[in-house]
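Notebook open, viewer loaded. I want to jot down what I looked up, one entry at a time.

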Amino acid sequence: MVETNQLTQYLGTFVDITRSPTEQDDSLKAIASSLDNDSLSINQLIREMEMYLTTTDNVVRARGILLLAEVLDSLKAKPLANAIVHTLVGFFTEKLADWRALRGALVGCLALMKRKDVAGVVTDIDAQAMAKSMVQNVQLQALAPLDRKLGFELLECLLQQYSEAMSTMGNLLVYAICEAIDGEKDPQCLIVAFHLIELLAQLFPSPSGPLASDASDLFEVFGCYFPLHFTHTKDDEANIRREDLARGLSLAISSTPLFEPYAIPLLLEKLSSTLPIAKVDSLKCLKDCAMKYGVDRMKKHYGGLWSALKDTFYSSTGTHLSFSLESITSPGFEMNEIHNEAVSLLQRLVKQDISFLGFVVEDIRINTVFDTISRYSQFRGMPDTSKLEVLVISQILSVSAKASVQSCNIIFQTCFFRLMNTLGIVEKTSNGDVVQNGNSTVSTRLYHGGLHLCIELLAASKDLTLGFEECSPTPECVQESWCSMVKRFSVPLIQVFASAVYSSSDDSVADVYLGVKGLLTMGMFCGGSSPVSRSEFEKILVTLTSIITSKSGKTMMWELALKALVCIGSFIDRYHETDKAMSYMSIVVDNLVSLACPGHCGLPYPMMLEATSEVCSTGPKYVEKLVLGLEEAFCSSLSDFYVNGNFKSINNCSHLLGCLTNKLLPRVGEIDGLEKLLVHFAISMWNQIESCGVFSCDFNGGEFVEAAITTMGQIVGIALVDSQNSIIQKAYRVVLPSTLAAMKSIPLTFVALEDLQRDLSTRDELILSLFASVIIAASPAASIPDAKSLIHLFLVSLHKGYIPAAQALGSMVNKLGRGTGGAYITSGCSMEEACDIIFQADFASEEKISSNGSGKFICGSETTLSKICLGFCGSLEHQTHAITGLAWIGKGLLMRGDERVNEIALLLVECLKSTNCSGHALHPSAMKHAADAFSILMSDSEVCLNRKFHAVIRPLYKQRFFSKIVPILESLIMNFQTPLSRKMLHVALAHVISNVPVTVILDNTKKLQPMILEGLSVLSIDSVEKETLFSLLLVLSGTLTDSKGQQSAEDNAHIIIECLVKLTSYPNLMVVRETAIQCLVALLELPHRRIYPFRIQVLQAIAKSLDDPKRRVRGEAIKCRQAWASITSTNIPF
């Protein structure tokens, strides 16, 4: 139980207006919690509060009533006895007359109204009494916004939950709501007020009821808000948007047919407004009214509606008809929101009442459009008024036809024969009969306006059938008159469109576009209701496919035909058109896939692959056909190069692999079975390489090798573990008999490495690179055969300069011993054994090299790899290869969190010194490779050691390495005076800094900012490190735009400005100059006293940037000059 003294203290705290809101909230929560856990009863609380609830002190009484109300609001789900609820309702109902305590009364009434059914609820009688008290005692418009909102919400609850009780109040309720809404301007109140209108309309629907007698007055009160003029700023708490208010007002206007005499004239008037938003709101509301008011109420307004709609179409439609590739699946002209809403309203009116269509088809403009069409053959030759007429009428007829089967029949009966006559497909005989004109040459009657109108009507009927197909599997559209007409003229129509495609005029873009679009439309009728027979559909496919396979090159016609075939393929797959799928497979897919084999087509091979992949990507069965076809084409091309030395074939292989990687691999998750097909393709690649003993000629196959590596790695990366094992086993069997196998037995000695043949054969290089890509992409759970020998092979290859071998080594040390979920995998080689092979091999030479004459070695210099890195032996080429290889190995260790990476980092640091720990001088090229090695360690790689290739990644590995290596580099920079060493150390530091998360930089800004500034100065001396310079500058810009970085920048402002001013004239990279100027603008966020002294210096430097040869730099310079020129000495705060 709550002690009385404690409860009294809580009550006093809440009632005392001098206490802070936090203290008052805490007291409220404590009381509510006590009630909720039954340590305090509601009766006990009310007894203790009696003084506060009945006192004559207005402030105390208001606070006391509000406290009780807030407590009840927080306990809406807590069961209370009906008698207690009844008593509380009576109390708060009575207090609605106490205007000084009105907020508490409103909150209390609302809290009681919102109680859960099982927790004790308000009865109908009590609700009626509450409503009467509300109507009699509360004038909402005299209250503050928050109190008005509470009042509106209370009325909303009463109407929603106690509609029967409210209905007895009749005209009194209508009048009270009308009075409450009148003059309301607050958005939060209005959105509830509009809902009250809806609820009133539901409560009194009768044409002789209370609402009917006051409908005029009520509409006058809320109709004045239309169209909604919303000037309020965004309310973060309520988040009331104009769209929500406009929708609420529209629902209120359309809530009852009783508003029809007042609403429709108002909406038609506003539809003629010049304000776009007024037009949109009017069209949306008219659509709602058409649905809610019914045909009988709307019929009297049809004339005005059609006139207003027609004017809206003309005013919202442009005169430009696009003939671009993107518009082939759209009407071809720009449609704004007004136009879209006009389309929606017209379709609603026609669908709801077919008699409205009479206004459409009898309109004189509909009848004169055919004269306009036949007057101009070229669309571009039409005057703008004629273009507008054709586009608008085409759209109106299309929308009307799409509304229903009946409307489609009427539109086709009215217009289609006349349209066929315009196109020369039919003609009238002397006695007035319409007959098909089989002898006319349709190519001479290609009127663009007529073709456009024809396509729009066909598209409307097609969309109508697609809608039926989604609802019913067996539509009866075939029996409709529109379908009979299209079926009757389908053959000549296809001829007309095909003739347009093959038009030989000089400017035939419009002809080709309209012809292809027409063929596409005819080819997308659903099978069960299609007026186009299978043979005609196949003619369409043959026509489009012949364009793709012709030797015309990548013209507009070719691109349009390809887009049309892709659309048809997607349509067949979506609607499961079995018969059409068979035709599509035999005519399009089989034909294009067969042409993917080099030498079978006169088109450039990349174009052929593009067409084949785009078409086959439309369905899973086509994808399977494509993969098998590409597999056959790859084997054929590689064999041709192997046997005949045909360089074109090896180039085709590169294009083919690129197609596979870019088009198919991204869709593995979408298409069932694609993973198995791709794995089979990878194994076929290995089979074909295995069968090619020695290439008939060597070649510079970098592009092919790169494409093969990428494809193989991507396939292995997406494959399941079992599939990966299959590929690894196959690849290993190819490696075994090759000359690479001999490299596995070469001892890791300097003499042996010096005797290695400088370059591998083309075939061996391909095998090594491909095998490395397999290892790189394999999962940690995959099984690697003879792992020790493979590590030895990659290590030897690393010394020969093959980067994929180094990346494979890095991947192996990253993944060895780690399976899914951290389980250890048996691969014949543990992590320790792998590291022993790489790092612990003794240098087999009689001469021992010591750093200090004592025979002890520093940084692991007793291994072959480390000796070569430090330049103790071997050529410069061997040294740079070893450093790069060591970096990739270190990256694998670093990402998995292995501490051995620290030794590698220290060795690389030694390589940054002009003279290392043993006194041996290093070549500048070796030092450059060592500095860039830190980029390999820290940057994210796309080619290996990433999540896509199943790398083991320990969280925060970059942060840990940063904390260890940065102090070492900083110390060396401070102590080393050799310019080259300092530069290389700065390069290494820049790579580390620019690749850690920005939060790490911001947490260490005070320490890092001076080093960053010194690095920018050192790296800007020449152009060698311009990319590194830019990445370091981006880090600086990040610190200048954050509050933590600005604190440090305040202390270094003079150094930062001096550095940035120099970089504004950096000649070697435009983005450096641009970013430097942006940083100068960012410095204006620093205190005025820190930056004002440098104003002249900055403005002088920026004046030079105004003449920069690059526009982007000049633009930033203008902004910077304006910003710095605006600061004056009078801005200094005192």
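**Ground rules**

I am working from a predicted model, where local features need pLDDT of at least 70, side-chain atom pairs count only at pLDDT 80 or more, and totals for chains, interfaces and linings use all residues. Residues are numbered from 1 along each chain as its sequence is written, and side-chain values use heavy atoms, with hydrogens and water left out.

**Overall fold**

I looked up the secondary structure and found 55 helices and two strands in the protein chain. Helices (H or I, at least four residues) and strands (E, at least two) are DSSP runs, numbered from the N terminus. Of the chain's 1134 residues, 56% count as buried. Buried means under 20% relative accessible area, exposed over 50% and partly exposed in between, with a 1.4 Å probe and protein chains only. I also checked contacts (heavy atoms within 4.5 Å). Among those in the chain with a separation of 6 or more, 74% are between residues 24 or more positions apart.

**Aromatic pairs**

How many aromatic pairs does a search of the whole structure find? I get 22. Rings of Phe, Tyr and Trp (its six-membered ring) pair if their centres lie within 6.5 Å; planes under 30 degrees apart are stacked, over 60 edge-to-face, and the rest tilted.

I picked Phe417 and Phe489, an edge-to-face pair at 5.7 Å centre to centre with 85° between the planes. Phe417 is in helix α22 (residues 405-422) and Phe489 in helix α24 (residues 481-501), so this pair ties together parts 72 residues apart in sequence. Phe417 is partly exposed at 26% relative accessibility, while Phe489 is buried at 0%.

My other pick was Phe641 with Phe647: the centres are 5.8 Å apart and the planes are at 65°, so I logged the pair as edge-to-face. Phe641 is buried at 0% relative accessibility, and Phe647 is partly exposed at 41%.

I then followed the ring pairs around Phe417 and got a cluster of Phe412, Phe416, Phe417, Trp482, Phe489 and Phe525.

**Charges over rings**

Here NZ of Lys or CZ of Arg must be within 6 Å of the ring centre and within 35 degrees of the ring normal. Arg63 has its charged end over the ring of Phe14, 4.3 Å from the centre. Lys948 does this with Phe949, at 5.2 Å from the ring centre.

**Ser407**

Back to helix α22, which also holds Ser407. Buried or exposed? Ser407 is buried, at 0% relative accessibility. A polar atom of the Ser407 side chain lies 2.8 Å from the backbone oxygen of Ser404. Leaving out residues up to four places away in sequence, Ser407 touches Val350, Ile354, Leu357, Ser400 and Ala401.

**Second largest pocket**

Rolling a probe the size of a water molecule over the atoms shows where empty space is left. On a 1 Å grid over the protein atoms alone, a pocket is an open set of points where a 1.4 Å probe fits, with protein on both sides within 12 Å along at least five of seven lines; lining residues have an atom within 4 Å of a point. Grid points are joined across faces, edges and corners, and the volume is the space filled by probe spheres set on the points.

The second largest pocket holds about 400 Å³ of space. It has 23 lining residues, and those closest to its centre are Thr329, Ser330, Pro331, Ala459 and Asp463. Two or more lining residues come from each of α18 (337-352), α21 (384-403), α23 (448-471) and α25 (509-522). Which element gives the largest share of the lining? I noted α23, with six residues.

Most residues other than glycine have a negative phi, and most peptide bonds are trans. I went looking for exceptions.

- Phe226 and Pro227 are joined by a cis peptide bond, with omega about -10°. Pro227 is in the loop between α12 (210-223) and α13 (242-253).
- His576 is not a glycine, yet has a positive phi of about 55°. His576 sits in the loop between α27 (556-575) and α28 (578-595) and is exposed, at 65% relative accessibility.
- Leu945, also not a glycine, has a positive phi of about 50°. Its loop runs between α44 (924-938) and α45 (957-975), and Leu945 is buried at 3% relative accessibility.

Key. A polar contact is a pair of N or O atoms within 3.5 Å; within protein, one must be able to donate a hydrogen and the other to accept it, and residues adjacent in sequence count only if both atoms are side-chain atoms.
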